[in-house]
Amino acid sequence: MDKIIAILAAELGQPQNYVNNVVTLLDEGNTIPFIARYRKEMHGAMDDTVLRNLSDRLNYLRNLDKRREEVKRSIEEQGKLTEELSAAIDAAATLAEVEDLYLPYKKKRRTRATVAKEKGLEPLALLLFAQEPDCPEPLTAAEDYVNPDLEVNTPEDALQGANDIIAEMVSDDAEVRKVLREYMLRHSVLSSQATREEDSVYRLYYDFKQPVAKLQGHQILAINRGEREEWLKVDVLTDREQSLPLMNKVVVRLGSPATAFVTTASEDAYDRLIYPSLEREIRNTLTEKADEGAIGQFALNLKPLLMQPPVKGKVAMGLDPGYRNGCKVAVVDATGKVLDTTVVYPTFGERQKQEAIAALSKLIKKHAVEVIAIGNGTASKETEIMTAELLKVVGGGVSYMVVSEAGASVYSASKLAAEEFPQYDVNLRSAVSIARRLQDPLAELVKIDPKAIGVGQYQHDMPQARLDETLSGVVEDCVNAVGADLNTASAPLLSHVAGLNGTTAKNIVKYREENGAFTTRKQLLKVPKLGPKAFEQCAGFLRVPESKNVLDNTGVHPESYEAAQALLEKCGYTLQDVKAGEIALLSSKVKLYGEEKAAQELGVGLPTLRDVVKELMKPGRDPRDELPAPVLRSDILDMKDLKPGMELTGTVRNVIDFGAFVDIGVHQDGLVHISQISNKYIKHPSEVLSVGDIVTVWVISVDEGKKRISLTMKKPK
């Protein structure tokens with residue numbers, strides 16, 4: 001375990017005692033959000049991202065240790081484990097290295113070498129492979145192994161069998177595989193060729209060559225998909241004449257009559273066994289690396305999407321556009337409660353469009369609608385045009401925003417939506433979801449499988465368990481960063497709070513329905529299946545605005561209530577002052593008193609003291625309020641209105657390897673290529689941009705036929 005702690009500390013650049021503390025906390029069943037927020041003294045305030053990386057690597061290294069022991073046990077059972085081999089296995093830094101060392105001892109299916117051994121040819125192979133200076137000529141040595149009863153009729157038959165055995169021995173040699181693997185990763189080239197003449201999305205890769213070391217993740221994933229769909233033939237090209245000397249340097253000994261024979265057997269091993277195996281392995285390594293990169297980018301995109309600033313306290317109208325089934329409409333109040341629903345048909349003709357405007361005008365006036373959310377799917381453009389006309393009719397005071405409807409249909413057809421809105425059909429549920437996405441993106445989007453939210457690339461090609469684990473971690477971090485209102489949060493939202501799960505979240509909602517609103521955090525302990533450990537993990541992230549104790553509506557953990565009250569007393573304040581927002585000088589007073597002195601007297605660490613001060617000064621604060629507000633529009637641009645050089649404000653909708661897509665209010669998102677993002681060199685767009693960023697862009701070109709808009713973030717001179 002000490003070795004694992006040392007490796008983690010070195011990799012993360014953290015002191016070993018901090019890493020050891022985190023590992024202990026994880027092993028005790030503490031959640032990452034809880035550790036990140038309420039155990040800062042124990043780990044030096046590592047953030048949730050670092051803690052998740054630590055947890056991932058901890059699992060990998062523990063699995064590596066477990067596999068080392070399994071391999072050593074298996075070899076020992078065969079009576080072949082030496083001290084040298086055991087030390088080599090213990091020193092192996094990756095699972096691949098462990099498997100290389102295990103390869104000669106692994107049970108194999110019947111091979112050419114197996115057959116040769118059954119014919120009694122292993123001693124001949126070992127004699128020749130030793131390549132001693134006094135070794136007889138191979139043909140001479142082979143004469144002693146001719147045995148027609150075993151189908152070894154000639155010395156040549158014996159030598160063929162010896163060749164097969166030596167080839168397998170060379171193929172199983174860990175040092176040979178390591179040397180060739182490293183060479184191939186540095187010098188091989190990935191090649192893809194078209195298998196058909198027709199045009200396709202894979203045209204870029206119809207005649208493609210790129211060094212393995214320089215391949216981009218999106219290229220690997222695109223090529224893999226093209227190969228699966230039988231558009232491409234893919235090979236890893238390696239210079240055989242450069243590879244063989246590297247292998248022979250490990251295997252071949254000069255000055256023996258058997259040298260030439262072993263050299264030939266080694267080349268057979270390379271062509272027939274090693275190269276095909278390493279080609280598959282390198283393809284898998286490239287894919288795993290691309291998968292991890294794509295999953296990481298998905299997570300990077302998902303976090304700012306979930307953390308988009310909510311449009312609070314406004315009655316919202318959700319429009320789910322459509323052609324055949326019309327535009328579904330839902331009006332929700334400031335808390336998300338459905339007030340009204342209808343369906344209009346603005347795409348059926350001018351008369352129907354005017355009828356739709358009239359119907360929506362009535363709903364806007366009836367419910368005092370202030371914002372309209374329009375889904376960005378089918379018929380979104382026509383609906384946006386209609387909305388622009390609608391806003392002129394209602395005479396101001398209302399604005400709109402086009403929101404991503406990715407996953408809305410998945411949610412509306414789900415069991416969860418049916419339980420939440422049994423009285424509405426599937427289409428109207430989508431309109432409700434779209435309206436709520438504008439009001440509180442996080443609360444609504446947690447109801448949807450993160451993979452369906454549409455801010456990744458090739459997500460359906462990823463290892464699904466790993467993708468789910470990563471994205472669930474992002475959702476968990478976002479929910480706990482914001483906190484949840486114990487009396488209004490839905491079960492799906494509560495299920496992502498640290499320490500809670502689907503069952504305890506539903507039990508909280510059921511308890512709330514049967515007993516009325518929670519009035520204290522302590523009441524959580526009365527919820528079935530929510531014990532002291534779960535309470536410890538979740539309490540600090542749940543808010544109770546209705547509580548008489550204002551601390552229940554802050555991020556101060558119940559374990560620090562006494563310290564918080566003592567701090568207020570030291571500074572001449574009361575809990576009532578906190579509730580009234582009359583403690584603006586608290587931070588200054590604490591600093592004047594001395595933070596370290598105050599922390600020591602209160603029995604808390606310095607990070608906890610600072611967090612308590614921050615929470616007391618802004619009880620119930622929402623970190624999303626500090627972000628730039630979403631861009632609400634009142635008029636519409638058409639693609640034909642765009643001209644090169646035009647300056648626009650837009651919202652980043654997706655960040656991918658080669659650029660970013662920006663919503664500039666014309667239905668079709670524009671692409672800012674990575675080369676147009678910054679005047680400085682950047683390796684990846686995520687160094688500069690995140691989903692939800694509000695950016696200024698300039699139009700480079702517009703292709704109406706292909707519906708492509710090219711944008712730049714570099715101000716024209």
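**Close-up views of a predicted model**

**View 1. Contact between helices H26 and H30.** Ala 564, Leu 567 and Leu 568 of helix H26 meet Leu 609, Val 612, Val 613 and Leu 616 of helix H30 in this predicted model. The residues of this contact comprise 7 nonpolar, no polar and no charged. H26 spans residues 561-570 and H30 spans residues 606-617; their axes are 11 Å apart and the helices pack at an angle of about 70°. Because angles of 65 to 115 degrees count as roughly perpendicular, H26 and H30 are described as roughly perpendicular to each other.

**View 2. The aromatic pair of Phe 421 and Tyr 424.** The model contains 7 aromatic pairs. In the pair shown here, the ring centres of Phe 421 and Tyr 424 are 6.0 Å apart and the ring planes meet at 50°, so the pair is classed as tilted. Phe 421 is buried, with a relative accessible area of 5%. Tyr 424 is likewise buried, with a relative accessible area of 17%; residues under 20% count as buried.

**View 3. An aromatic cluster.** Phe 34, Tyr 38 and Phe 541 form a cluster linked by ring pairs.

**View 4. The charged end of Arg 196 and the ring of Trp 231.** Arg 196 places its charged end over the ring of Trp 231. The distance from this charged end to the centre of the Trp 231 ring is 3.9 Å.

**View 5. Lys 597 and the ring of Tyr 593.** The face of Tyr 593 has Lys 597 lying over it. Lys 597 is at 4.6 Å from the ring centre of Tyr 593.

Notes
Residues are numbered from 1 along each chain as its sequence is written. This is a predicted model: local features need pLDDT of at least 70, side-chain atom pairs count only at pLDDT 80 or more; totals for chains, interfaces and linings use all residues. Side-chain values use heavy atoms; hydrogens and water are left out. Rings of Phe, Tyr and Trp (its six-membered ring) pair if their centres lie within 6.5 Å; planes under 30 degrees apart count as stacked, over 60 as edge-to-face and the rest as tilted. Buried means under 20% relative accessible area, exposed over 50%, partly exposed in between (1.4 Å probe, protein chains only). A charge sits over a ring if NZ of Lys or CZ of Arg is within 6 Å of the ring centre and within 35 degrees of the ring normal. Axes are lines fitted to C-alpha atoms, for helices over the stretch in contact, and angles run from 0 to 180 degrees between N-to-C directions. Helices (H or I, at least four residues) and strands (E, at least two) are DSSP runs, numbered from the N terminus. Angles under 35 degrees count as roughly parallel, over 145 as roughly antiparallel, 65 to 115 as roughly perpendicular and the rest as oblique. Contact means heavy atoms within 4.5 Å. Ala, Val, Leu, Ile, Met, Phe, Trp, Tyr, Cys and Pro count as nonpolar, Asp, Glu, Lys and Arg as charged, and the others, Gly among them, as polar.
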